[in-house]
Amino acid sequence: MKKRLATTVIVTSLMLAAPAFAGIKEGRTAFNKGDFAAALREWTPAAEQGNASLQYQLGELYRKGLGTPVNLEQAGNWYRKAAEQGYADAQLNLGQLYEKGNGVAQDLATAASWYRKAAEQGNTVAQTNLAALYQSGRVQQLDVTGAAYWYRKAAKNGNAQAQTNLAGMVQNGAGIPANAAQAATLYRKAAEQGIAQAQYNLGVQYQQGRGVEKSPVEAAKWFRKAAEQGYVEAQAGLATMFHNGVGVPQDYTAAAEWFAKAAEQGDADAQFSLAQMYQQGRGVEQDYVNAANWFRKAAVQGHPNAQAVLGNLYQSGLGVPKDPAQAAVWHRRATEQLAASWFVKAAEQGDANAQYSLGQMLEKGQGTAQDLADAAMWYNKAANQGHAGAQTSLAQLYEKGNELPQDYAQAASWYAKAAAQGDAQAQASLAALHMKGNGVAFDPKRAFALNQQAAAQDNVAAQVALAAQYYNGQGTEQNYEQAANWYRKAAKSGNADAQFSLGGLYENGQGVKQSNDEAVAWYRKAAAQYNVGGLNNLGVMYYYGQGVPKDATVSYALHNLARAQGDTLAANNLAQLEQDMGRAQLARAQDLSRRMNVPGKLLAEIERYVVYVRPVLAGRPAKATKAAAKVADKTASADAAVAATPAKAAKTSAKASKMKAAASQAITELSAQLNAAVAPEAAPVKK
C-alpha cells in the first residue's frame, strides 16, 4: 500500500513540476474514459524515461490488448523494466510470463526468481505462486517445507488461494503433520472469500465428518456455493445429494439440472448419471436418444459403465439404431477398462471373486466370446469355494438349461447354498422353485419364509411374490393389507407387475381404501412399461370413465397394444369395441396406438390426445343444460358413443354403472353435436 501511495505522490509531483511529463495526467484521464490507445500514447514517453509505475501499466495494456493488439513480448519488456526497479506487481507478472512461456521462453527457474523478489516484498500472489512451484517440484527438487513456508505467509495475510492450497497440504499430511481440523479452518477462511475449490473441499469435509462434525446439510450448502461458481466437482456432488435426498430434500429435477451443468463441462461421471436419468425418466422426460447421447460422451472419455451401457443400447436399439457391431465395440472397450485379463490371471490362481467375475464375462460375452460352458466351469470353481454369487449364477444355468442339462434339483441345491449365506436372489429363486415344486417339494410355507428374507433385502421379485402369497393366502393367511404393502414397495421400484396389481387393489378396495384415481395412477405406470395387465385395465378405465375421462379411442389404443403381445382378453375386448366404432374413429384409435408404441411416449401421447385432440373433435355443445355440459366435459367425445361393454381383468365397481348412466344421458342430449364429430365426411380440423 505504501508503494502505491508513494507512486501516486510521485506521479502528481511529476505532473506539477516537469513539463516533460505533462502527458501523465492526460493519459490517466484517457484511461479512466476507456480510451486506452490515448493512454498508451500519453504514458509511453514517461515510461521510457524510467517511471516504474507507468512501465508496469504499459505492460498491462500490452498483455490485455487494451488500446493495442495483444503483444506479450512487449508486455514482458515493460514488466522487466519495472521489475528491475523493484516494482513488485511487475515482478509477479513477469514471473507469470516465464512460468507459462507467454512472450518469453518458458523458464521456471527464472519465474521462481521473480516470484521470490515480489514475495519478499510481501506480495501474497507471488508467495502463493512460488509455493506452488516448490510444491510441484517443477522448479527444483520437491520442497514441501518451502511450499508450506510461503503458503503460510500468504495465508496469514489473507490470500484465499494460499489458504486453500495450505489446507490441502494439512489435510493430506503432505510433508507436514496432518490436521483435519486445521484444514477445515483454512478451507473455511478461503471459502468465505468465495474460493470455489475451498467451498467444495469444505463441503467434502462436512460430508465425511473430517475435522468437523459430519453434516450433510452443511456439505450441501458449501457444494451449492461452489457449484454456482461453475465448480464442476461441486455441481456433480450437489446433483448426487439431490438425487439421493441427502442434505437436501430429494429432487430429481434439481439433480438432473446440476448433473447437466457438470456434464456440459465434460465430467464423465455426471454425463453417465444424466444419461441414467434420461433413460429412467427421472427429473427429465424419459428420452432414450438423449440418454444414449450422454452415455456416448461418457464412454468416449473411458467411463467403463457408460461403455457397457452404450453397448447394451446398440444391442437393443434403444435410443440408437440397432447395431450389433457397435455393441461389440463398446462392450469390448468396457471390458478392457475393467481389466478382463486381470480376472483371468487371478481366476487361474484360485481367486473366487475373479473366477465369478470371469464367469459373468463369459456368460454375457463381455470382452470375450460368449461361452456358457466356460462360464459354468468358472462359476463351479468359485461356487465350490463358497462364493454366493457364483452359486446363484451356476444355479440359474442349471435352472434354464443353458449349456448345462436342465436340472432343477441341481439348481435348487446351489440356490440353497447361496440362500443360506443370505443371497437375496438365491432366496427368491429357491422360493419360486418351491412354489412350482420344481426340483424340490411343493412347499408354499417354505417359499413364504424365503420370500420374506429376500424381500427384506429389497429384492423386487421376492416382494412381488410375497405380495401374491399374501393376496392368495398361499403359505400364509390371506392378508390384503400386507399384499398391498409389498406390492407398493415393488411398484415404487418400478416393477410393472406390482404396479398393475397395486392398481387392482385400489380399484377393488382390497387392503387399501378404494380409489379409482390411485388405481389409474398405478395402471398408468404399468402401462407405460407396456405391461399387458396395465394396458388392459387402463383401457377399461378409459372405457368406463373411471378416474379418467371416458374415451373409447384411448381404450382401443391401449387394448391394441396388449393384443399385439398375444393377450386374448385384449383381443376379445377389441372385438367388442370395433363393432361400434366408425371408420374415422377406428383410424384415429389405430393412429394413436402407433404413436403410443414408442418407448417412453405412451403416456405423453395419451395426454396429447385427451388434452388437445379430443376437445377439438368433440367441440363445445351449443345447446345443452349446465348439468349435461358438466358430465360431457368428462365423458363426451366422438368416441363416447360406443355401447359395447368389454370384459375387464378386475371386477367393475357399482360406481361405473352410475357414471355410464350419466354419460348416456349427456350423450343423448348432445347427440347431434357429437355425431357430427365422428362422421367420416366431417371437415378436417385446422390447427
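Colleague: What percentage of the 687 residues in the protein is made up of buried residues?

Modeller: Please bear in mind that this is a predicted model. A residue counts as buried when its relative accessible area is under 20%. In this protein, buried residues account for 46% of the 687 residues. The protein exposes about 32600 Å², and carbon and sulfur atoms supply 49% of that area.

Colleague: How many helices and how many strands does the protein have?

Modeller: There are 38 helices and zero strands. To see how the chain is folded back on itself, one may turn to contacts between residues at least 6 apart in sequence. Of these contacts, 47% join residues that are at least 24 apart.

Colleague: Which residues have the most contacts inside the largest nonpolar core?

Modeller: A nonpolar core joins buried nonpolar residues through side-chain atoms within 4.5 Å. The largest one here has 108 residues, and Leu274 and Phe295 have the most contacts inside it. Helix 15, residues 252-264, gives the most to this core, namely eight residues. Apart from this core lies another, of 45 residues, which includes Tyr487, Ala491, Ala519 and Ala527.

Colleague: With which residues is phenylalanine 295 in contact, leaving aside its neighbours within four places in sequence?

Modeller: Phenylalanine 295 touches Phe272, Ala275, Gln276 and Gln279, and also Ala306, Val309, Leu310 and Leu313.

Colleague: Is glutamine 271 buried or exposed?

Modeller: The cut-off for burial is under 20%. Glutamine 271 has a relative accessible area of 4%, and therefore it is buried. This residue lies in helix 16. Beyond its neighbours within four places in sequence, glutamine 271 is in contact with Ala263, Gly266, Trp294, Lys297, Ala298 and Gln301.

Colleague: Where is leucine 108 placed?

Modeller: Leucine 108 belongs to helix 7, which covers residues 108-119. Its relative accessibility is 17%, so leucine 108 counts as buried. Leaving aside neighbours within four places in sequence, its contacts are Glu99, Leu133, Arg138 and Val139. The C-alpha atom of leucine 108 is separated by 9.3 Å from that of glutamine 96, twelve residues away along the chain.

Colleague: In which helix is serine 429 found?

Modeller: Serine 429 is in helix 25, residues 424-436. At 9% relative accessibility, serine 429 is counted as buried. Between serine 429 and glutamine 396 there are 8.6 Å in space, C-alpha to C-alpha, for a separation of 33 residues in sequence.

Colleague: Let us turn to the loops. Where does aspartate 287 lie?

Modeller: Aspartate 287 lies in the loop between helix 16 (268-280) and helix 17 (288-300). Aspartate 287 has a relative accessible area of 27%, so it is partly exposed.

Colleague: What is the phi of aspartate 458, a residue other than glycine?

Modeller: The phi of aspartate 458 is near 70 degrees, a positive value. Aspartate 458 sits in the loop between helix 26 (444-456) and helix 27 (460-472), and it is exposed, with a relative accessible area of 59%. Tyrosine 530, which is not a glycine either, has a positive phi of about 60 degrees. This tyrosine is in the loop between helix 30 and helix 31 (532-544). Tyrosine 530 is buried, with a relative accessible area of 18%.

Colleague: What volume does the largest pocket have?

Modeller: Its volume is about 730 Å³. Of the 22 residues that line this pocket, the closest to its centre are Gln280, Gln286, Gln499, Lys525 and Gln529. By class, the lining has nine nonpolar, eight polar and five charged residues.

Colleague: Which helices each supply at least two residues of that lining?

Modeller: They are helix 28 (480-492), helix 30 (516-528) and helix 35 (602-618). Helix 30 provides the largest share of the lining, three residues.

Note on methods
Residues are numbered from 1 along each chain as its sequence is written. This is a predicted model: local features need pLDDT of at least 70, side-chain atom pairs count only at pLDDT 80 or more; totals for chains, interfaces and linings use all residues. Side-chain values use heavy atoms; hydrogens and water are left out. On a 1 Å grid over the protein atoms alone, a cavity is a set of points where a 1.4 Å probe fits but cannot get out, and a pocket is an open set with protein on both sides within 12 Å along at least five of seven lines; lining residues have an atom within 4 Å of a point. Grid points are joined across faces, edges and corners, and a volume is the space filled by probe spheres set on the points. Helices (H or I, at least four residues) and strands (E, at least two) are DSSP runs, numbered from the N terminus. Ala, Val, Leu, Ile, Met, Phe, Trp, Tyr, Cys and Pro count as nonpolar, Asp, Glu, Lys and Arg as charged, and the others, Gly among them, as polar. Buried means under 20% relative accessible area, exposed over 50%, partly exposed in between (1.4 Å probe, protein chains only). Contact means heavy atoms within 4.5 Å. Accessible areas come from the Shrake-Rupley method with a 1.4 Å probe; for residues, only the protein chains shown count as cover.
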